[in-house]
Amino acid sequence: MYTSSRSETIDLMTYAAAELTAECAIDFVKQLDLPAASLSRITDSIANLNAWTTIGILVLWLLFPELAYYPGTPQYTASQQINWSLRARLPAALTFIPKTSDDISKALPVLSFFSVPFAIRSGGHTPYPGASSSDGGVLISLEKFTQLSLSADKKIVSVGPGNRWVNVYDYLQPQGVLAVGGRVPPIGVGGLITGGGNSYFSNRYGMACDMVQSFKVVLANGTIFTVSAKKNPDLFKALKGGSNNFGIVTQFNLYTVPSPNGVWGGVTAYTPDKYPKLAKALENYQTKWQIQDPDAAMIQNIFFAQGGALQAWSSILFHATTDNPASLQEWKDVGPVVDTTKHTTLPALVREVYASAENQTMRQDFRTLTIGVSSSLYLDTTTLLSKAYTPIASVPGLQISLTFQPMGVSIFEAGEKKGGNVLGVKHIAQTWIDLTSAWSNEADDEKVLAVGKKFLDDVAKMAEKQGLRYDYLFLNDAGKDQNVIASYGKKQVRFLKSVSARYDPEQMFQKLVGGFKLPRW
């Protein structure tokens, strides 16, 4: 534990690594209450080596010999495999697996002082390299933060960021309540909420971030805060969509939603000849049923795989309270070749819809776009999908999923009623596109990524011509090169920058941490 005053630590942190002197570095490490042998080892290294990042990593390892792991150790290897996408399994110089907020509080000033680049991982579902993985820096893995507790009145569930959403649902279902969270089992709690978080319950309750009662967060200087609408409300709001730009969240206190009798849902699948009817059904849902029935939800996926031999439309249908609701009947009437819809539980449903991808280990990528409501635009997009990917259909393992996510006005209004978030989404009906690409070999990275970018750029141009292209980019589904935070709008960016300046004055989370950063303009 620290014995020095916080002011002394902050003063030392004002030194950038490039400006460090050996004397300053030795003064800093003396504050850490290291054993004499460890302190001697570090001071010897400082005297003979001016590679501050390397020394910072050594300091962290010596501070946490049972929580920090170098390459080659079983713990390091096992932790590296957590990342969903092979592209994100980067070789960190050190993997730090803290168990408590105090561990993180002690580690962050060290990383800041020595300017050690690092990544923060909750569930590791971000597919591109450098967000939840580190190449040569430190990976802070929150995998041990799996605490779950429910308040006596069952209105608040406290969740650690190392949980996967399916585990949260498993915990809550027997209690007759659920949480507004992810729709895919392996997605981690932390990244989804701080990126916004779309949910089966969003039409009624808003985004996942809107259902946070409070955050427990560790700031750059090691301070541990619990923030809410009443306590540090600016930081509270910034964390609702502002991603990893302000601190490391170690606990989410979430409002629960009632679910005493289970849910209804499943998968329906269709052949390409049904695409025109499906596109029209989606438009009808958005212009009528999504407005009238906020307990209904859906995800629409169009697949291109097996060298183009597999092209199909798959609908994930959901209702929070009613079996076979009228709001989703049109998807039955179109005539699916597969229909698994039934009365079930949310944990069972999310496992079912992900079952075919459960054991896949692939190279993955996301990319997103927001468009307006139009059946003709949806149909043109599906046609363009086949045209775009047929030339590279022979890429080993190529699997493309084009997802239409209908987003109704009720989602954004619900968020505003709860105090708002920082996403800056226009309060109009819209569709968030997620393009998910999977393939086998690193040699095909450039080819697959280029086709995906051009495909969505071409869809954007089609939408632009119809006045149906919108600026907002959904962080949870975005590609590495997309300017996500800027898409929130200038007002939101100014607010986020002001919060960053207040709580991270040295800008550690902008300079040392990967992911979607605040714009520099």
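**Exercise 1. A buried aromatic pair**

Task: Are tryptophan 313 and phenylalanine 404 buried or exposed, and how many degrees lie between the planes of their rings?

Solution. The model is a predicted one.
- Step 1: tryptophan 313 and phenylalanine 404 are both buried.
- Step 2: the ring centres of tryptophan 313 and phenylalanine 404 are 6.2 Å apart, with 55 degrees between the planes.
- Step 3: planes under 30 degrees apart count as stacked and over 60 as edge-to-face, so the pair of tryptophan 313 and phenylalanine 404 is tilted.
- Step 4: tryptophan 313 sits in strand 13 (residues 310-319) and phenylalanine 404 in strand 17, so the link spans 91 residues.

**Exercise 2. An edge-to-face pair**

Task: Find how many aromatic pairs the whole structure has, then classify the pair of phenylalanine 28 and phenylalanine 114.

Solution. 
- Step 1: the search returns 25 aromatic pairs.
- Step 2: phenylalanine 28 and phenylalanine 114 lie 5.8 Å apart, centre to centre, at 85 degrees between the planes. This pair is edge-to-face.
- Step 3: phenylalanine 28 belongs to helix 2 (residues 22-30), while phenylalanine 114 is in the loop between helix 6 (101-113) and strand 3. They are 86 residues apart.
- Step 4: buried means under 20% relative accessible area. Phenylalanine 28 has 1%, so it is buried. Phenylalanine 114 has 0%, so it is buried.
- Step 5: for a group beyond pairs, look at Phe412, Trp432, Tyr472, Phe474 and Tyr488, which form one aromatic cluster.

**Exercise 3. Salt bridges across the sequence**

Task: How many salt bridges does the structure hold? Work through the pairs that contain arginine 121, arginine 351 and arginine 367.

Solution. 
- Step 1: the total is 13 salt bridges.
- Step 2: arginine 121 meets glutamate 143 at 3.2 Å, N to O. Arginine 121 is in strand 3 (residues 118-121), and glutamate 143 is in the loop between strand 4 (138-141) and strand 5. They are 22 residues apart. Arginine 121 is buried at 0% relative accessible area, whereas glutamate 143 is partly exposed at 23%.
- Step 3: arginine 351 meets aspartate 170 at 2.7 Å, N to O. Arginine 351 lies in helix 13 (residues 346-354) and aspartate 170 in helix 7 (residues 165-172), so the contact ties together parts 181 residues apart in sequence. Arginine 351 is partly exposed at 39%. Aspartate 170 is partly exposed at 32%.
- Step 4: arginine 367 meets aspartate 481 at 2.7 Å, N to O. Arginine 367 is in strand 16 (residues 363-371), and aspartate 481 is in the loop between strand 19 (469-470) and helix 17 (490-503). The two are 114 residues apart. Arginine 367 is buried at 9%, but aspartate 481 is partly exposed at 46%.

**Exercise 4. Strand 6 and its neighbours**

Task: Which residues of strand 6 lie on each side, and how many bridges join strand 6 to strand 5 and to strand 10?

Solution. 
- Step 1: in a regular strand, side chains alternate between the two faces of the sheet.
- Step 2: Ile156 and Ser158 lie on one side of strand 6 (residues 156-159), Val157 and Val159 on the other. All are buried, and both faces are covered.
- Step 3: strand 5 (residues 148-150) runs antiparallel to strand 6, with three bridges. Leucine 148 has valine 159 as its bridge partner.
- Step 4: strand 5 and strand 6 make a hairpin with five residues between them. Lysine 154 in the turn has a positive phi of about 65 degrees.
- Step 5: strand 10 (residues 248-258) is also antiparallel to strand 6, joined by four bridges. Isoleucine 156 has tyrosine 255 as its bridge partner there.

**Exercise 5. Cavities**

Solution. 
- Step 1: the count is three.
- Step 2: the largest cavity has a volume of about 90 Å³. Its lining has 14 residues, with Asn198, Ser199, Ala297, Met298 and Pro406 nearest the centre.
- Step 3: strand 17 gives the largest share of that lining, three residues.
- Step 4: by class, the lining of the largest cavity has seven nonpolar, six polar and one charged.
- Step 5: the second largest cavity holds about 70 Å³. It is lined by 13 residues, and Gln80, Leu90, Ala92, Thr95 and Leu139 are the closest to its centre.
- Step 6: helix 5 (residues 74-80) gives the most to the lining of the second largest cavity, three residues. The classes there are five nonpolar, six polar and two charged.

Conventions: Residues are numbered from 1 along each chain as its sequence is written. This is a predicted model: local features need pLDDT of at least 70, side-chain atom pairs count only at pLDDT 80 or more; totals for chains, interfaces and linings use all residues. Side-chain values use heavy atoms; hydrogens and water are left out. On a 1 Å grid over the protein atoms alone, a cavity is a set of points where a 1.4 Å probe fits but cannot get out, and a pocket is an open set with protein on both sides within 12 Å along at least five of seven lines; lining residues have an atom within 4 Å of a point. Grid points are joined across faces, edges and corners, and a volume is the space filled by probe spheres set on the points. Ala, Val, Leu, Ile, Met, Phe, Trp, Tyr, Cys and Pro count as nonpolar, Asp, Glu, Lys and Arg as charged, and the others, Gly among them, as polar. Buried means under 20% relative accessible area, exposed over 50%, partly exposed in between (1.4 Å probe, protein chains only). Two strands pair if DSSP finds at least two bridges between them. A salt bridge is a side-chain nitrogen of Lys or Arg within 4 Å of a carboxyl oxygen of Asp or Glu. Rings of Phe, Tyr and Trp (its six-membered ring) pair if their centres lie within 6.5 Å; planes under 30 degrees apart count as stacked, over 60 as edge-to-face and the rest as tilted.
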